[in-house]
Amino acid sequence: MPLLAWSLRMAKSADSKLSQWFMKHQAICYFPILGLARLSWLEGSFSFVFPNPLAWNTKNLDLAKKLVANPNLERAGLLVHYAWVTALCLSTGSLARAVLFFFVATCTSGLLLAIVFGLGHNGMSMYEASARPDFWKLQVTTTRNITGSPFVHWFCGGLQFQVEHHLFPTIPRHNLPKVHEIVTAFCKEQGVTYHEASIWQGTMEILDTLSSVTTDFLEEFPAM
């Protein structure tokens, strides 16, 4: 059940009243959904290393699990971390405060992280599997870099160079500005669009994409 659709094809998979409601209001729901993203990541972290018959079976999940070098260490790390988080929450003085503290802290951090992740990917070109270009063109055309002040660069933590990060994921963060110059020059030579935007521009591009998909969805299914 999709909560956000980045293409009409994705929107068409909305097969319930709830998902159809989200399709009609997704531009408004975008930031609240981002705030809840970390709860999904929390569940995914536990489902990745602990048995969970209710977990969503995403593509290549079983293969990814096999690549975990030390599952027991991963499990121990998660348990220790969330034991500390639980103790921190309970130190607020009451169960109600503990629950409130957990949700506020989790959703706030989830929102800030998801804003950065979303700016790098959402609202960019999408391809059918059979029509994808080669690796480097795929990364460049489906990814957005973020421009701005030193604060923006600090806030993004290096992911303002999302294109370069995708092309060369093992390059140290402090070398990304140098790689950025090389990649932009190469894209210009090859005639491939290299997209950069400010945080504000990128956010508006994302919301415009969501609104456009909603409009297309309602035009095709006016009874929704």
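First, some ground rules. This is a predicted model, where local features need pLDDT of at least 70 and side-chain atom pairs count only at pLDDT 80 or more, while totals for chains, interfaces and linings use all residues. Residues are numbered from 1 along each chain as its sequence is written, and side-chain values use heavy atoms, with hydrogens and water left out.

Let's start with the overall picture. The protein chain has eleven helices and two strands. Those names come from DSSP runs, numbered from the N terminus, with helices being H or I of at least four residues and strands being E of at least two. Along the sequence the pattern reads α-α-α-α-α-α-α-β-α-α-α-β-α. The C-alpha trace spans about 60 × 50 × 40 Å along its principal axes. Of the 224 residues, 32% count as buried. Buried here means under 20% relative accessible area, exposed means over 50%, and partly exposed is in between, with a 1.4 Å probe and protein chains only.

Now for the empty space. Rolling a probe the size of a water molecule over the atoms shows where empty space is left. The search uses a 1 Å grid over the protein atoms alone: a cavity is a set of points where a 1.4 Å probe fits but cannot get out, a pocket is an open set with protein on both sides within 12 Å along at least five of seven lines, and lining residues have an atom within 4 Å of a point. Grid points are joined across faces, edges and corners, and a volume is the space filled by probe spheres set on the points.

So what does the largest pocket look like? It holds about 1,000 Å³ of space. Its lining has 31 residues, and Leu4, Trp6, Ile33, Leu34 and Asn122 lie nearest the centre. Helix H3 (26-49), helix H6 (95-121) and helix H7 (135-141) each supply at least two lining residues, and H3 gives the most, with nine. By residue type, the pocket lining divides into 21 nonpolar, ten polar and no charged. For that count, Ala, Val, Leu, Ile, Met, Phe, Trp, Tyr, Cys and Pro are nonpolar, Asp, Glu, Lys and Arg are charged, and the others, Gly among them, are polar.

The structure holds one cavity of 30 Å³ or more, and the space in the largest cavity is about 40 Å³. Its lining is made of Tyr30, Phe31, Leu34, Ile115, Gly118, Leu119, Thr203 and Ile206. H3, H6 and helix H11 (199-220) are the elements that give two or more residues to that lining. The cavity lining divides into six nonpolar, two polar and no charged. If you have the structure open, look for Leu34, which is on the list for the cavity lining and is also one of the residues nearest the pocket centre.

On to the charged pairs. How many salt bridges does a search of the whole structure find? There are two, a salt bridge being a side-chain nitrogen of Lys or Arg within 4 Å of a carboxyl oxygen of Asp or Glu.

One joins Glu128 and Arg9, with the closest N and O atoms 2.1 Å apart. This pair links distant parts of the chain, 119 residues apart: Glu128 is in the loop between H6 and H7, and Arg9 is in helix H1 (residues 8-11). Glu128 is partly exposed, at 41% relative accessibility, and Arg9 is exposed, at 57%.

The other joins Glu205 and Arg144, at 2.9 Å from N to O. Glu205 lies in helix H11 and Arg144 in the loop between H7 and strand S1 (145-147), so this bridge ties together parts that are 61 residues apart in sequence. Glu205 counts as partly exposed because its relative accessibility is 25%, whereas Arg144 is buried, at 0%.

Last stop, the surface. Leu90, Leu95, Val99 and Phe103 form a nonpolar patch with about 390 Å² of accessible area together. Patches take residues with over 30% relative accessible area and no salt bridge, joining like charges within 9 Å and nonpolar side chains (Val, Leu, Ile, Met, Phe, Trp, Tyr) within 5 Å. The areas come from the Shrake-Rupley method with a 1.4 Å probe, and for residues only the protein chains shown count as cover. H6 gives the most to this patch, with three residues. Phe103 is found in H6 and is partly exposed, at 40% relative accessibility.
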